[in-house]
Amino acid sequence: MNTIWSDNVQGILTLYLSRKLRFDDRFFPQYEGLFRLDRGRELRILEVGCGPGALAEALCRWYPRAEIHGIDRDSRFIEYAREHVAGVSFSEGDAARLPFEEGTFDVTISNTVQEHVEPSAFWGEQRRVLKPGGVCLCLSARRGIRRGAPCLEPTDTEKAFWAAQPDAESSLEAFQVCRYPMSESEIPASMEKHGFVHVTTGYAVIDLTPDDPKYPAPMAEAMIEAERQSDLDAIRSVRSADAEDVICAANARYDERLRLYRAGIRQWDTSVSLTMVLRGEK
Ligand SMILES: C[S@@+](CC[C@H](N)C(=O)[O-])C[C@H]1O[C@@H](n2cnc3c(N)ncnc32)[C@H](O)[C@@H]1O
């Protein structure tokens, strides 16, 4: 049982809830233009490093004739995906040694996985399992924009808690997170170097601003709850005796943010994510 990522790096709900928003149907036109897949075809799609399954779930809605399989090394993510995501099959496995025959899939796709897997294995394995002419889609998060609401500023209790923790960078290094970071020019070059042709790049801009009236209330509240969950998962991952007090403090901040939203008192806090989408063919 491998639970390294879900125990130490990002919790199930941190990933699932944030991705559910980023892959909401209202953003599909952006992705569709970058993926350039035929919705009418019976595609076999493999999602590599699928986490708890929110992208696979979206692909299932967007490509209704596709057969989709998700694979990830973390047992807890796969267990959650199997329980919560209908219409997709999931299995545990390593992106560097995909347990599939050569030429099995029409499409491989990944979201924020490239930087964690050695490049020749990451591209080489996807290229191997793709059919000739198959499409590799690599989604990579780039620096976006974040502006918090004043009521979401961490309290002194929370600041003291985090100040007492060891340096986050060094613990991520210990779990080999982000060992192979690449710039916006290096990723397409690496894809070509590893045999993909007709490589193209593009960007999806996902703006999550709860107070913007274009978002219906359930989606606006889901944005606030996704942020809450990410903070709570981070606190829980520390496994400290003080965690309960810190969880209460964090919950109070998000309860207040929800109250303000419901009262129509706008904060205009925003999170804009920029996802680079690379597309290459075998
Ligand atoms: C940043 S998370 C992204 C998860 C998912 N793609 C999403 O967007 O929610 C990176 C994921 O890659 C997985 N991962 C990292 N190295 C892997 C490997 N060698 N084989 C399979 N999965 C891997 C982790 O377990 C984690 O689920």
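Mentor: Ala, Val, Leu, Ile, Met, Phe, Trp, Tyr, Cys and Pro count as nonpolar, Asp, Glu, Lys and Arg as charged, and the others, Gly among them, as polar. Please keep in mind that this model is predicted.

Trainee: How do the residues of the shell around the ligand divide?

Mentor: By that definition, ten are nonpolar, five are polar and five are charged. The shell holds 20 residues, of which Trp 5, Gly 49, Gly 51, Arg 73 and Ala 95 come nearest to the ligand. Two elements, α2 (12–22) and α4 (54–62), each give two or more residues to this shell.

Trainee: What makes β3 and β6 edge strands?

Mentor: Strands pair if at least two bridges are found between them. The open sheet has seven strands, in the order β3-β2-β1-β4-β5-β7-β6, with mixed pairing. Both β3 (89–92) and β6 (197–208) pair on one side only, and that makes them the edge strands. From one strand to the next, the twist averages 20°.

Trainee: How do you know that β2 and β3 pair?

Mentor: The definition asks for at least two bridges, and four join β2 (residues 67–72) to β3. The two strands therefore pair, and they run parallel. Asp 72, for example, has Glu 92 in β3 as its bridge partner. On the sheet packs helix α3 (residues 28–35), which touches β5 (130–147), β6 and β7 (270–281). The direction of α3 makes about 170° with that of β6.

Trainee: How do you know that the span of helix α10 agrees with its number of residues?

Mentor: The expected span is 1.5 Å times one less than the number of residues. Helix α10 (residues 217–237) has 21 residues and should span 30 Å; its end C-alpha atoms are 30 Å apart, so the two values agree.

Trainee: Which residues of α10 are buried?

Mentor: They are Ala 220, Met 223, Ile 224, Ala 226, Glu 227, Arg 228, Asp 231 and Ile 235. The buried residues of α10 pack against α2, β6 and α11 (243–262). After α10 comes Arg 239, with a positive phi near 50°.

Trainee: Why is Ile 247 called partly exposed?

Mentor: A buried residue needs 20 or more other C-beta atoms within 10 Å, and an exposed one has 12 or fewer. Ile 247 has 16, which lies in between, so Ile 247 is partly exposed. Ile 247 belongs to helix α11. Leaving aside residues up to four places away in sequence, Ile 247 touches Leu 232 and Ile 235. Its C-alpha atom is separated by 40 Å from that of Phe 35, which is 212 residues apart from Ile 247 along the chain.

Notes:
Residues numbered from 1 in each chain as written. Predicted model: local features only at pLDDT ≥ 70, side-chain atom pairs only at ≥ 80, totals over all residues. Near = placed C-beta within 6 Å. Axes fitted to C-alpha atoms, helices over the stretch in contact; angles between N-to-C directions. Contact = placed C-beta atoms within 7 Å.
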